[in-house]
Structures are given as C-alpha cells and as structure tokens.
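Biologist: I would like to learn how to read the sheets and interfaces of a model such as this one. Could we take the features in turn, with the general idea before the case?

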Amino acid sequence: MDSPSSENLFTFLSYSLANFQAAFFRIPGSAVLTRYVKSSHQDDPGRTLLEVILALFVIRTLLQSRTRTDRSGGKHFIQFSDKEIDDLVDEWTPEPLDPPLTEQQEADLAAIPVIAGPTGPKPKLMNTGKPCVNLASLNFAGLAGNEHIQQRAIETMRKYGVGSCGPSGFYGTIDVHTELEQRISDFLGTESSVLYAQGFSTICSVIPAFCKRSDIIIADRGVNFAIQKGLQISRSTIRWYDHNDLSSLESVLESVAKEMKRRRSQKHARKFIVTEGLFEQDGAMVDLPKLVELKEKYKFRLILDETLSFGSIGRTGRGLTELYNVPAARVDMIIGSLAIGLCSSGGFCAGSLTATSHQRHNALSFVFSASLPALLAVSALEGINLLVNTPSILNNLQENVRAARAILDRLDCVTIPSHSASPVIHIHLKTNSTSLHPSTAVVSTKPSNPSSVLPRDAANWTWDAETEEQILQEVVEDALAQGVLITKAKRLRGQELVDPRPSIRLALTSALSKKDTEKAVGVVRSSLIKVLGKRR
Amino acid sequence: MPASARSSPMAINLSPSHSMFKKSRGKSSSSQSPSDAASYLSAVSQADARSRASSNGKFSSTSTPALSLSSSVTSSSEDTVLRTGEDESNHDGLAFPATPPTSEQVFTTVHTEFGHCSNEGYRYTSQHMASEPIEAIHERDPPYYILLSTYVSYLILICLGHVRDFIGKRLKAKAYRELRPHSGYAPLTSDFDSFYTRRLKQRMAECFNQPVTGVAGRTIMLVDRTSDDQNASYRLLGTRTRVLNISSYNYLGFAQGKGGCADAVEEGIRRYGVSTCGSRLEGGSSDLHTTAEALVAKFVGKEDAIIASMGFATNSTMIPALVGKGCLIISDELNHASIRFGVRLSGASVRMFKHNDMKALEALLREVISQGQPRTHRPWKKILLIVEGLYSMEGTMVNLPEVIKLKQRYKFNLFIDEAHSIGALGPNGRGVVDYFGIDPKHVDILMGTFTKSFGAAGGYIAGSKTLISHLRLRSHSGPYAEAMTPPVLVQILASMASIMGVSPASLTSSSHTTLRPVASNESSQALMTSHPGPAPASMIPNWMTLPPALSDGSEGKNRLRRLAFNARYLHRGLDKLGFITYGHPSSPIVPLLLFNPGKMCMFHRMMLRRKTPIIVVVVAYPATPLVTSRVRFCVSASHTKEDIDIVLRACDEVGDWLDLKHGIPAAERWTVQKITERSGELVHPSA
Ligand SMILES: Cc1ncc(COP(=O)(O)O)c(C=O)c1O
C-alpha cells in the first residue's frame, strides 16, 4: 500500500548489494572463492546447502558462546549507571575473612595434642612434656620408628633427594614408584595399581575420574568425608542405602535397576557402588562376600575404600579381601592409604589395567600434582615387606583388639559400633532408650528413601552433639592426665552430609604389648566411668 | 626383625643397578672418557689439595674441601663431588664442568645435581623494574599456514582415529571390548576421554610418563624404554641415560641427595622417623610441624601459616573452608586444577575473568558488586579473588600492583597461589609479592607449595593468625588428611632457612620447643618489621646444623641470583633466536610455542637424541588451547650458564629443522654465537 517507500527500500538494497559485491571482489582471493563456490555448486548443489548450513551453525555457536558469558545476570540483570555502581561499591562491606574465634574454638585449638620428637607407642607430649601411651596415632602395625625402614628411607633420600619436583607425567615417575605400584598389585592380587601423593586426595579424585554427570552411584550413608567430596565433584546421580545394611543395598539396587529399565537415556550409564571396607566413621566392617555377590548380580562396579583396613586387617594386612578370602580382582577398584597402614604417606588405587591407566590421564590429583617423594615410596614398600614377612605383627594387633574389647564391651555407659576385629574402636555415649544411631541397628520397618542421605530414623536421634563432644573431651583430658593419649574422632560438623555421632576413637597398635594395651584401655575405661558417673 | 634384614627382591635396586649401568655405558663411551675424566680428576684433586692447604684456619671448624662433602653423617663412600657412583665418563658434557675449578673455588655440590658456576657475571636480581612492562606478553601470532596446518593436523588425527575406531570395533571386537558395553557393564571410560587418550595422546606417549631415577636436579637419569606396539605398552631396556634436566620444578636446585639440606634430612629421619601417623588434629601433629609453620609464616611475612601434606590438597581442602554459599570467587581463567577443585567443593559462586586482564577484572568486579547475588540481589557475603603468582603453563606473572589497587577500591579478599613463584621470584625469594616490592600485609592469603623451589612436597597457606586458626579447625585437611611427614618437613626447614639465612643465636632463649614461636604479640611484631629478614636461630630446631654457606644465607642468595640470570638468559636468548615465547622475561618458566602437534614429538625426540641429551616437557590440549602446543622449560639455579648455552644451541638447530622461528623477523635475530657471548647484555633490561 505504501509503494514509494518500498521502492526506495528496494533501490537501496540493490545499491548496497552492488557496493558489497564490488567491495568483495576487491578482497584478494575472493575470485578464487567465487570460482570454488560456483564449481562446487555445479558439481553438487546439495553440498553448497550443507556448507551454508555449516557456516550458519558455526556463526550461531560463536555468537552463543559470546552471549553466554556476557549475559551473566540473565533476566535479573539490572542496568546501573556508573555513578550508581560507584555508590554500590562504596556501600558494600564484605564479611571479614577471619572473624574472631569463639571460646569453644580456642579451647579446641589448645587441646590439639602435639607430640615432641618421634611418634610411636609411647611418645612425649609437647603440651605436658611427659611421656604417654599412645592410643591416638594410627600406627596399627607399629611401623613408626622402625629402624630398618628409617635406614632404607635415608639411603633412598641420598640417591633420590626428597621431592620429586614434578608430576608423574613430566619426569616425576621414579623407578621406585613403578616398583611400589607393582608390589601393591602383587600384594593384593590385582592387575595393576596407581599411586597418589596423599591418601585423602586419592578417592576424591578416583570417583570423579570415572563417574560423570550421567552415571549412577549407590553409596553407603556412612561413607567418610573424602568419599563425600568425591561424590560431590562427580555430579553423578547418587542413591543412598542404610549404613552397612546390605539388605537395604539390595532393595536400592533393585529399585535403581527398575528405574534404569524404564528410562532409556540411562541405558549406557555406568553404575557404581561406593563404600568402605572398614568405616572411618564408626569402625563397622562391611560383609564383603555378600557385597561382591550383590554387585555382580546387579552388574555394578565396586569402588571399595580400604583406607583404614589396608595394612591392618587380614593375616598380612591385605585388607578385607584377605580377611574374607575374596579375590581382589572381583572388586573393581580398591583404594588404600600408605599413610595409615604403612606409616608412610600417599595413597593408591588398585584395579584393572584399564582402570588405572585411565586414572593416569584423568584423575585430577594424579595428573596435576607432584608425585610422591621417593623415600616415602620406599618406606611404604618396606612396610609391605615387613607385613608379609612377619604375620605375627597383625596377630599381636588382633590380640590387643580382643583385649581392649574385653574391657570395653562390659562397660554399660557406652556403646561400641565398631566391628569386633577393628583396630579402631569408636566409643559412643549411651543415651537412654529411643535415641538410635543407625549403627546400634534397631530395625524400623519403613524403608529409607534412597534419594536422601538422611537415615530413616534421623528424626528420632535425641543426642546433642555439643554436649556429647564436651563430655567426651573431658574423658580425653582425664585419660591424658593419667598418661594415656586418646582423641575424639575429629569432625567438621556442618560440613559432613550427615553429622556422625560424636565418639572417642581409640587406635590400637601392635607396638604395645597386650599388657600395656590392657592397662591403657583400663585407664580409658575408668575415665569414662568417672566422667559419666559425675554427670548422672 | 629377622625379615627386615633380608634384602628382598622388591628392594630398590640401589646396588645392582650400578653394575648394570656400567656395563651398558662402558662400551659406548670407554674410548673417549678416560682422558676427560682423568684429567678432570687430577685437576680437581690438585685444587682440592691447594684449597686444603690455603684454608688453614679460614674454614677451620667446617672446612669444606673442594671435593669431599662435609657430611660427616653419611657413611657412604661414594660421597664425592665427582663420583655419583654411576658416571665416570663425560662424553655428554654433563658429569664435570667444562673448566676445572681453581684453588679459590670451593664447591660443595655434586655437579650433576647442582652445577658448578663461579662466574659472578652470571648473576642477576629478580626484581621489578619500572621500565619493564608487567604484561610484556605481546603475544605474537604465527603465520597463517602454521595455524592452518595445526588445525588440519588435528582434523586428520581425529578423522583417522574415528575411522580406526569404526573399523576396529567391528573387526577386532576383542581389542575394543573395554570400550563397548559388555556383559551388562557400560564401558568404564567415557567415549570422549578415551578417544582423546587413545587416539591423540597415545601417539605422543613417549613424551610423557618417562620413568626416571636419581635426583631430579640439574641432570637426571632416564630409565630407557621402548615400545613395540605403538605406545600401548613399554618395555624397559635395562639401560639408563643421563640427561640435562630442564623440566623439573627445581627452581632453586634444592633437589639434592648430597649437601647440607640432605644431611639435615638424614638427621631428621633418625630423630623423627618417617611418619607422624595420623591427621593433624588426631595425634599426627609433632613439634616439627609447629616449627615449620612458624618458619613459613616468617618467610612469607604473615602472622601464621598452616601446612598440608600435598600442594594440590592445600587448595582443594582449604578453599572450601574460606568461602561458602553466598560468597563469590573470582578466578583467573587459567587457574590451576587444584584451585578449581577447591572452588567447586566450596559451594560458592564462581566467575572467571580473562587471563591477567585487569580491565576485564575491574569490569567484572563492578558488575558483581552492583548486581549482588543472582536473583535475590543480596550483597555478596565475601568476594575472594584467586590468582596465581606465576602461571605454570604461560610463564606470565600476575599484575600484582594493579590487583592491589583494585583491592583497595573494591574491598575483595585476595588469595595468591604462589606455587611456582615462591622461592623463584623476588630479590629475597619471597615470591611475586617480593618481586614487586609489595608489603605482604596487602594480601590476605598467600598460598604456595614446597614441591617446587624447596625440593620437598606439600603446600602451605599463610595469613592472619585467626584465619589460620580457622583453617586448622575447619579445613578438610585438619581432621581427615595425613599430616606432612618429618623428612619433608626437615627439607622445608633446611632449604627455607638457607634461603633466608639464619641470624646468629641472639639473647632470646633458643628453646626450639616453644609451641608457637610467634605467640606473644610483641615478638610477632618484631618479626613483621624485619621482613624479609633472616630466620632467628630460635626458629629452627637446635639439632639442625647447616653448613656455614647455607646458614649465613650466602648460598641461598647465590641460588636466587643464578636462577634469575638463567631465567632471563634463556628467555631472552630464545626470543633473540627468533622463537615465539610467552610469559614474563623474568619467569623461570619459559614456554616456547610449537603449535603443530606433530612437532611436539619431534622436538622432544630431537632434543633427547643430541650429544648432550636434553629432556623437555611438551604440553598440548587440554592443558593449553588447541593450537598453542608448546614446550615448557623450567630453568633452575642448578643450571650453569654453559647448560643454558647447550639448550639454546639445541633449540637453534632443532628450531631450524622444525620451522619454529616465527617471532622476530630474521634481520633482528642474533646468532647463537652472539647470544652466548653477549649474555650479560641480554639479561639486563636495557638490552
Ligand atoms: C598453581 C599450582 N597450585 C598447586 C599445585 C599443586 O602442587 P603439588 O604438585 O605440590 O600438589 C600446582 C602444581 O603444579 C600449581 O601449579
């Protein structure tokens, strides 16, 4: 209807097109391009279309990525003038990074035991200057202070220096690392293994190296902090089963299997079970044969954290696989710590060659961190040799465990959730009647919700973490006054997925004689009775 | 224990390897070596005798003759400067210096670990010059054909890989079993990850994960290997090769098996054992930790510090304790994986800004402060800016003066990861803060690692006393991660003390057993004012006796100055040869751009096959952007000027072969000869 203006528009368009064409032909090489387009169009018109679509797609993605970073605030973005921004900047007062410590924190800080000189079964304490019997440090096999290991460490240091000065990929793979990896896999009976520079960081990296956003993990509700962090980084779908309750695991496996059948998109999801051999939170032990049977039945892969059990459980310290006589090859990945079982430092993951070589390229704390100092690798190696050659070490440990349990089990003001063979013994306070920690296992009939990490009877828990921590700290101090060093299980309350119940954690060692152990545990027992008696 | 005495087959092959090595090397080099070695030996023993004669009294108590080390503790007989027990030949020019020492020169290091270099001309001070731009990285682009061929190479690699996969999965199902769902299990590795590893990385696998043995010092021993199946697996050849090591993060050359630090570590192991058995909060703390933490705090100029047993974990377990929900982390886009790990665990929001771009940072700061939290627009609780002092892939230095200016205006908290810069930068080795002459009090959190400059392992975070106390109680490391081991702690103490120098024991009680040496307010203030000063003798364990050169700080100073010289010399030299390099000229990390993935392998191989074999680190995607594959040299104080000459010469030849010189135009280039002769001119900024 408005013809003159549309005519104008048309002339303008054709004019600008001509201009554009002229400009285009001035660009060197443009003739080649047109010739190319023409000839290809002649040969195959479909291809031109395809190429145009491709070009458009490239432009679109380029634009998109740009806008994505620019947009930031999205539709909530508010436009401010420079002046307003300046005012807002002036107004903004951040919270302090270092707020003053609370009284409780000060007390906690002061109560951290510091050992003067070498650690061992009877070290000297910094705070008191007096020697004490050590039931706090993790020295299960009594390797701390072993002269032979020290000598080998010194020799190694003379040959290799201390630090490796580089990640494994970049000339940080020392021959002793390879040797130790070989030794570990021979020891456990797996195809291969891979070393990490720190025990804690091992499983945090192993889990996300395999488990991606689309994968499914079934985990125990009581897994340790490192696993929790690994799960968090992985972003996989996580289903929980009741702590150390394999029938709960089976029902979760069942429901996940059903769910996966329904959902096509999950057909190729990787499926993992992640749990611990000997639980760090309470010393419970998993029934490995049953667990392996379940995982094989439902075709899940098993990542078993043996941080505490490697070097302490089984005849020669191979861990749960040795205790239950399950071939380690049936567990897909075993994670262990060289720091705890072997009194050195570092961690490892043992499994199939596919699994370990994948980690060498993809596990973050392996790829992006300097490798373990050679002398620590050799110390660990010597630790394994000692365990293999001297089975009496762990035999003594078990005797000490039995002796300790004989004393503690008869005490009725506390409950002990730990397995009877566990060299770490957690002591919970017993509260009256209804309060139930899952480990005290009173069966409620309602199954728990696998999507929530909260245990089914969390609502019934009546214990108060703060008072219990206080009481237990009193026990710790009382025991220390009598020359026995013990510790509470230290927790990051508020950062754990479910705060575990406060406990005292005894770590037994074969370096103490049975008599010394009995005496020391006796002291703990009397401290418990004394402090708890006062409270009643 | 009876078992321990038996030397098991698993024991590391300390002694057998010698003989094996000798056999294999003896053949190839016996013809020429004796003359070199013998003449050098005699020259050196004469020098030794002269120095012993002349030093009557001067070095009376701790006389350090030219050859034998003063390590009285070591019983090993191979403890001489010359004989590391393995090389007798010098055909590769690595075992002995080119010129034998004179009578005045007293070297206490093994040349293969820490090179002998007495020429005071080859020294420089690492310090910011106003005349030198901080962001000196006018990144030069290569010609288009290089970029094009790079892209095409990747394209071919990817297409070939897919074709091979396609055919392989059908014809050789067994070999590809792990990649496909089998008997109800999904493949263990995701398709992309495994494709990248199998089809791209495996082709260059020979450049990575090379097993080594011995000290990662100036030279290192490669355990030779070969592959018969295109890098799917390797077979060890049973021989070793000594190579010039310009790859390890050994900036100050403290990776040593001999010398004062190593002696201290030996004593430390005897006194403290190998481990402290447990986490810091649960009975794994020893007085050594407290001592080391106090010394670290003093070293970096903060009130207190906390140590973790792994550098990676320092970031990944402590950042979550600093910030959480409702806080914002602003992170440089090239920050290290460990920082990203920690940031993801923290639950805080994250924004990234373009690498070292202060304009982008300021714009981002203005935006985030004015907008507040997403949706609710509540103001952020805290904003934490995380940058690195020296970026490990780029060699760039953070523009700290500008960051501090922004910090004053925008009130955010500043976290600097000094993993690579601590010890390696600054006239006193106190890192990037020292380099720019900035008071450490302007930085809230100084993080660093001991893996690099100190030849140890682990990391630290330093800050205000309250902040560190919070970290002790709230970081994941405290209750859950193993404590740092005593040998590593002693290495840190000894190396750090020798960088600082130890001030002679003063009137203050030298009880090294005080729990927190910076406990009282006045003493901590006194310490602060003397930053960066020597370590008070009371701060290092009283059983630790360092040789005089270490404890008076002269050797530490020397190392810092040698590193600064070497870094600038290599960087400027490569520039002058015509290569494209990145980063700050003072950075000990020198990346040299290769671009084409095929050249990475070639460069690596050609450097290794030279008369003086050199090992280099090549890095490619995903550590760098796809096109800018590079080699990364890590210069060390242990290198001599001659070593850098060797590297420059090698690069010159290989660079011509591989067409790598696309930096400055040919007319402006210098010849290698000219560069080696006029090194001083190059290093000093006026050049
Ligand atoms: C910036 C940065 N932070 C942390 C680390 C980790 O240190 P470590 O190797 O001691 O684990 C590195 C190591 O490469 C690094 O470059």
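Biologist: What is the order of the strands in the open sheet of four strands in chain A?

Modeller: Strands of a sheet pair through backbone hydrogen bonds, in either a parallel or an antiparallel manner. Here, strands are DSSP runs of E with at least two residues, helices are runs of H or I with at least four, and both are numbered from the N terminus; two strands pair if DSSP finds at least two bridges between them. In this predicted model, local features need pLDDT of at least 70 and side-chain atom pairs count only at pLDDT 80 or more, whereas totals for chains, interfaces and linings use all residues. Residues are numbered from 1 along each chain as its sequence is written, chains are lettered from A and ligands numbered from 1 in the order in which they are written, and side-chain values use heavy atoms, with hydrogens and water left out. The open sheet of chain A has the order E12-E13-E16-E15, with antiparallel pairing. Strands E12 (414-415) and E15 (487-488) of chain A are at the edges with a single partner strand each, so one side of each has no neighbour in the sheet.

Biologist: Which residue of E16(A) is the bridge partner of Thr487(A)?

Modeller: Arg505(A) is that partner; E15(A) and E16(A) (residues 504-507) run antiparallel and are joined by two bridges.

Biologist: How many residues does each domain of chain A give to the contact between them?

Modeller: The bounds come from an automatic or database domain assignment, which for chain A gives domain 1 (103-137 + 392-535) and domain 2 (147-389). Taking contact as heavy atoms within 4.5 Å, domain 1 of chain A contributes 27 residues and domain 2 of chain A 28 residues. Buried area is the accessible area (1.4 Å probe) that two parts lose on being put together, summed over both; for these two domains of chain A it is about 2,200 Å², with 57% from carbon and sulfur atoms. Leu394(A), His419(A) and Pro450(A) supply 25% of what domain 1 of chain A buries against domain 2 of chain A, more than any other three residues.

Biologist: How many salt bridges does the rule find across the interface of domain 1 and domain 2 of chain A?

Modeller: The rule asks for a side-chain nitrogen of Lys or Arg within 4 Å of a carboxyl oxygen of Asp or Glu, and across this interface of chain A it finds one salt bridge. Separately listed is the salt bridge of Arg491(A) with Glu280(A), whose closest N and O atoms are 3.3 Å apart.

Biologist: Turning to the two chains, how many residues of chain B are in contact with chain A?

Modeller: In chain B, 134 residues are in contact with 132 residues of chain A, and the area buried between the chains is about 11,500 Å², 61% of it given by carbon and sulfur atoms. The count of salt bridges between chain B and chain A is seven. Arg505(A), the partner of Thr487(A) in the sheet, forms a salt bridge with Glu282(B), with the closest N and O atoms 2.7 Å apart. Helix H6 (residues 260-272) of chain B gives the largest share of the side of chain B that touches chain A, eight residues.

Biologist: Which strands are joined between chain A and chain B, and do they run parallel or antiparallel?

Modeller: Strand E1 (residues 114-116) of chain A and strand E4 (residues 285-286) of chain B run parallel, joined by two bridges, and Ile115(A) is opposite Ser286(B) in E4(B).
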